[in-house]
Amino acid sequence: MREGDALEMSGPEEMDASCMKGDLAMEVDAHPGREGSATSEAWRRALAKVVPAVVVLRTTAARAFDTETAGASYATGFVVDRARGIILTNRHVVKPGPVVAEAMFVNREEVPVYPIYRDPIHDFGFFRFDPEAIKFLLYEEIPLTPEAACVGLEIRVVGNDSGEKVSILAGTLARLDRDAPHYKKDGYNDFNTFYMQAASGTKGGSSGSPVIDCQGRAVALNAGSKSSSASAFFLPLERVSSFVVRALSLIQTNWSSFGSKPNSIAIPRGTLQVTFVHKGFDETRRLGLKNETEKMVRLVSHAGETGMLIVESVVPGGPAHKHLEPGDVLVHVNGEVVTQFLTLETLLDNNVEGDINLQIERGGIPLTVKLKVQDLHSITPNYFLEVSGAVIHPLSYQQARNFRFKCGLVYVADTGYILSRAGVPRHAIIKKLAGEETSQIDEFISVLSRLCRGARVPLEYVSHVDRHRNKSVLVTVDRHEWYAPPQLYVRDDSTGLWVARPAIPESTLLSSTVNCGRISTTSVGTPVIAAEQMEDDHQNKSENWENRCNRMQTDDENIVDDSISGDGSFTEKKRRRLEEDSIVEGRLFSNVASNDFKDQNFERQPNLEDTEVLHHQVAVRTNASIAEQAIEPTLVMFEVHVPPSCMIDGVHSQHFFGTGVIVHHSETMGLAAVDKNTVAVSVSDVMLSFAAYPIEIPGEVVFLHPVHNYALVAYDPSALGVGASSVHAAELLPEPALQRGDSVYLVGLSRSLQATSRKSIVTNPCAALNISSADCPRYRATNMEVIELDTGNCIAIQFCHVSESFYENCHVFSDVLTPDFGSTFSGVLTNEQGMVQALWASFSTQLKYGCSSLEDHQFVRGIPIYAISQVLEKIVHQEPGPFLLINGVKRPMPSLRILEVELFPTLLSKARNFGLSDGWVQALAKKDPIRRQVLRVKGCLAGSKAEGLLEQGDMILAINKEPVTCFLDIENACRELDKCDYNAGELKMTILRQGQEREIIVGTDIRDGNGTTRMLNWCGCVIQDPHSAVRALGFLPEEGHGVYVAR
């Protein structure tokens, strides 16, 4: 049974057909009373001997491989050789790929186990362990007795059923010739064998359990079940026991003890790449079987034979391709009548790499074909390529049979980051990369080695669900090195470990990094797997510290690397790329309060086609409003991808879309502003598409405001080419602030980069946000006042922040509702001249409906542009701050002084009830007659300087004797501290606490815009410093503030 959940059957039709066949072919033991009359005492003695030899297996598949996905699970196994420590279980438990496993005996002793064999076809495999590691338990091996299985035999299934340590389920063997169960269309399925069936009711976790008789002998191996009934399916042990005899003989010769290093065990396995099914004589007659052939088969076969083997499918490119066809009836193999799977497989295994003669009947016509028996292990992959999280290896016989493809093609077992970002599905077959054929892994690696970092090249693939149509996508080579360089891993069956080495030589990597113009012509030879060992879960020893986030991935749960660099600043990492003396600061042009670039033209030589495109765009925009015409060249569509290995700060998705606006554009640097619901973390890949010119270029996150909901993303203007002349920065208008009733133009972009605008009225220019914490702490806008319009300020579903396919479906719907697009689209708010007054930004929240769990939702509000212009002015004027390398130039980035306290407004009318005096009510109302509110403390961020000084419920009345009524007053007070040369960064506050007015001094904190700069990826666990959303919960450990497990 597949661990975790019960396996689903392929469908009721197959189940019905199988049951019908079983009713006609059932054999009843002539002496059932001999085994069925076992007493309860006999069962107690048998179970007392069996239970100590049954183990609970905890397995972790470190990588997806072949038919299996990555993940952890529980299963069962049992000892079949005590002296050498061999455990028998299912193939899908041993797994064909990298696995880390432990066996727990009934007395809670645990030992590591290592895979030594998994059958390419049938659902059985073996682990090995050190028998000397078991110190306190007496146990015996369980003998294998497949000949004892018969219909009517009373059995017990002993194992870890439904997660229980020991579960004993009773049943009676009802069938010995059931068709192999079909579990799934794109996963592991057994074939070319019979299965046994009993109504034992086994469920998840009992995979690999022994099916025993009353004498404590294993007669079958539990493998699967039907979830909608109590039926369980057992693998017969004929093939298993035959293997054990041969395997033990080889082990005895090559492996005298556990500690010695054995040679890998080679078990001959032959195949024709043909799937056979056993059909009754009634069905073979319908296929044209002649009467004399049926008479001969019945005569020479064993008593009770009811059918023959029929060809069900043939794998393309296999030995039988174009020789055998579905519906062929197998009669003879090398002159011997064959009607059973076991006989056929024995002949194939004994003739590996040899020729056999098959006599078949096709539509009543006898035919003889000579086929070469292929080595089954040669088409079962034992290595894989890992590139940017994607696992790629040759297509196995199992999946080739499922998908009807040729074995050995380039198969995607896991899309990882590089392929999922491009939309390539799991199980895809890669046909071409960068325009070159890639029919084998070696060809794929050769092309990959010639691609430079950040290159975007076409990839052509075919999916098994649409196998007759090739699809093409753009793949981006990892630009930031979120992952280690491509690695090749090969399985070493002698140790159960995997051996790793770089797939691309380091010299080739360096040359491909320099040669970014096109694919070079340097070829790479066939990769050789050797040298470096890695435990089963593939410990990734590479250290990737580049681009603002330290990252180290070691997947081995037994190895902890605490040598994390203490210097995690993005500046220091970027600084290594260039020599100190080679950096020359370029001249800056600013667009903070006026449009300095309206008439600026870069010196380029545009070609005729580009000029025609620009003129056409100008002509189209003449039908739009003045505001739309002015602002459209400044709008940018963001597409953001977050690597799965870098899901920090509680980011809730890996793919985001949103609209931003260019706020600065010069010869050396461009800056675009966008909400943090689109650019949530700095460790992300950002692509910018410009409304002014059809081009897409990468961007770098350079500033994440610690409080306000916006980020600044830099781009290289030189990458725009001739389009740089049509792109310019928006003119920002921070003052005067918008007032209620003001008219504004709301301008946004659709996914097709079409600008859409509408005239709106400001209904509330100072609405205070109140967003509750998410179930997983992540950024939420606090201490912010936003702008509301008459656009229907309702909660919007995730149009911009879900998968691309979902977005496209919703995009069609949103275009129909263009008049209310302001409730779903992000963009900007401008006046009639197109001067930006606010960023129309997307915010994230979670809502709960009834008793259901929290669901992510988005809504849009306006962020006053002064929040952006203040930081932009510091960047442009290069005010002192930590340096950041942007487009090859070191630039100081601003740090902000903030009060790390979460506040909320309370109306003065309500504040009276909390003890606010009439004098303060009048003073606050006089200071701000519109808001007429007072700020109260909701909580202090853990680890902040305000912690312990301000308490929940405190009212902040004044700072430095000046009344405070809004969040902006506190921000201005913090900025005033930076203007003083001699101050301790403290605010003198007047507060009201429990009806008592107090004067206190509260410290402020300095925060930069880098966001999280260090993380550790260990065994798939993402660990980081506690980010602000975690600290907002109000608790941190006293010593060192601890570490936070992001996922």
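Okay, a definition to begin: two strands pair if DSSP finds at least two bridges between them. Helices (H or I, at least four residues) and strands (E, at least two) are DSSP runs, numbered from the N terminus.

Now, what you see here is a predicted model, where local features need pLDDT of at least 70 and side-chain atom pairs count only at pLDDT 80 or more, while totals for chains, interfaces and linings use all residues. Residues are numbered from 1 along each chain as its sequence is written, and side-chain values use heavy atoms, with hydrogens and water left out.

Let's start with the barrel. Six strands close up in the order 7-8-9-12-11-10, paired antiparallel. On average, neighbouring strands of this sheet are turned by 45 degrees against each other, direction ignored; axes are lines fitted to C-alpha atoms, for helices over the stretch in contact, and angles run from 0 to 180 degrees between N-to-C directions. Take strand 9 (residues 194–198) and strand 12 (residues 232–236): they run antiparallel and three bridges join them. Which residue of strand 12 is the bridge partner of Gln197? That's Phe233. And Phe233 has Arg178 over its face, at 4.2 Å from the ring centre. For that we ask that NZ of Lys or CZ of Arg is within 6 Å of the ring centre and within 35 degrees of the ring normal. Arg156 does likewise over the face of Trp43, at 4.1 Å from the ring centre.

On to the aromatics. The structure holds 14 aromatic pairs. Rings of Phe, Tyr and Trp (its six-membered ring) pair if their centres lie within 6.5 Å; planes under 30 degrees apart are stacked, over 60 edge-to-face, and the rest tilted. One of the pairs is Phe65 with Phe384, edge-to-face, 5.9 Å centre to centre with 65 degrees between the planes. These two are 319 residues apart: Phe65 is in the loop between strand 1 (54–61) and strand 2 (71–81), Phe384 in strand 21 (residues 383–387). Buried or exposed, then, is Phe65? Buried, with a relative accessible area of 1%, and Phe384 is buried at 0%; the cut-offs are under 20% for buried, over 50% for exposed, partly exposed in between, with a 1.4 Å probe and protein chains only.

Next, Phe105 and Tyr139 make a tilted pair, 5.4 Å centre to centre, 45 degrees between the planes. Phe105 sits in the loop between strands 4 and 5 and Tyr139 in the loop between strands 6 and 7, so the pair ties together parts 34 residues apart in sequence. Both Phe105 and Tyr139 are buried.

Last one: Phe65 and Phe384 form one aromatic cluster with Tyr489 and Trp498.
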